[in-house]
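Dear colleague,

Please find the structure below. My notes on selected elements follow it.

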Amino acid sequence: MRRSVFMAGLAATLLLGMGALGVSQKNFVASAQQKSETTEVKIDNFTFGPAGLTVPVGATVTWTNKDDIPHTVVSTDDPKAFKSKVLDTDEKFSFTFSKAGTYPYFCSIHPKMTGKVIVQ
Amino acid sequence: MAGKVKDEILHDHNHDGVDRRGFLKCMAWAGTGAFCVIQGGVLKSYSLSRLPELGAKEAMGELSFVQISDSHMGFNKPANPDVAGTLKAAVDKINGLSVSPEFMLHTGDISHLSKPEEFDTVDQILKSAAPKDVFYVPGEHDVLNDDGKQFLERYGKGSKGGGWYSFDKKGVHFVGLVNVMNLKAGGLGTLGHDQLEWLEDDVKHLKPSTPIVVFAHIPLWSVYPEWGWGTEDSAQALAYLKKFGSVTVLNGHIHQTMQKVEGNVTFHTAASTAFPQPAPGKADSPGPMKVPAEQLKSVLGITDVNHVQGQHALAVVDSSLA
């Protein structure tokens, strides 16, 4: 009898702990989204800037085309992790990275333009 | 015609009617408008300002056609807010040529964003050109979002695979190639295995004396790979054309005239009818180059090509819209 009460107590503690963990994860994601400067990629002068970007899991990256010429943002993985439509001047494309990994990408119109997003 | 003697061949090592001096002279005039013609195996070059002095026989070949390129209909940035106006100016230039071309080649980037209305506008403007037939190859701007489906529906009737095809005019064999599809990250233009196989088969039965004209959007020679100005597998395509005595390669994409001779092959890129791009490596990027409005037409243009039957090479003439 004593033993089962003890078990119930342990389970309650565990549940509480998991709840607390959930909250902290949420905060973590929110803070990543607030740091907008690290999740913006500017397309300018036929280059992705920055060409290499490291973000936490769950981060949304937004690419903005600042060139007078259209560009695209296309994953080089097979199957493609993401693929934008053609972005004319000042148009944007966003993608949320929900899984850790390295995501190389390029502009399918100007394939010399390459970049990568590292999700940790 | 007092200066004519000066333009004649001095050292014709390859017996192809072109010496280094003569070729460089043509090079120097590229962009400002030059006229080079082979007559009786001798290269003669004239500046465009002297064209009116030439007799019809000197200026005329047996086949004459015109190349236009990179009209980028829909582009409206400061480098040229009126690309429809400059395309109309190109048509006026074509209609004013002393020898009316039999047809036109458009070497791609007809549209800026592959929008139906952009293609419609170009079709409408080209209707007023004297030559009625237009042969197209796509630029990367014509195959956005749909892997070229719309382009093929509009312009690709009778073409193979991704839009490549060939045809014959007065003994000259024309080959339209597509090198803007399935581009790989970090790479250049690509022809691909299927197209190369088709090309090998297409030219196999032709006599080596058949003049060949190959046209494609991205240059088939390495103009400036750092900016993607070249085609990964063009060497393979050119290998299939080795047996021919005269091969002329006409490209667009780089929005400036450039010419190079390599053995039996003359490479040539045409000016855009829309906006100029910087010379290789002369800017941070190959983006549109803004020039003072009054100079714009001097850096846009058309290319007129003449073939004289029985002669070695085709005469390629660039003229600006100014």
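Which residues are exposed on the other side of helix 4 of chain B? They are P116(B), E117(B) and Q124(B). Helices (H or I, at least four residues) and strands (E, at least two) are DSSP runs, numbered from the N terminus.

This is a predicted model, in which local features need pLDDT of at least 70, side-chain atom pairs count only at pLDDT 80 or more, and totals for chains, interfaces and linings use all residues. Residues are numbered from 1 along each chain as its sequence is written, while chains are lettered from A and ligands numbered from 1 in the order in which they are written.

Helix 4 (residues 116–126) of chain B has E118(B), V122(B) and L126(B) as its buried residues. Seen down the helix axis, these fall within an arc of 65 degrees, so they line one face of the helix. The arc is that of the directions from the helix axis to the C-beta atoms.

In helix 6 of chain B, Q195(B), L199(B) and V203(B) are buried. They cover an arc of only 55 degrees around the axis, which puts them on the same side of the helix. The face turned away from that buried side carries exposed residues, among them H193(B) and K204(B).

In strand 12 (residues 301–307) of chain B, seven of the seven residues are buried, so the strand is largely enclosed by the rest of the structure.

Yours sincerely

Notes:
A residue is buried if 20 or more other C-beta atoms lie within 10 Å of its own, exposed if 12 or fewer, and partly exposed in between; C-beta atoms are placed from the backbone.
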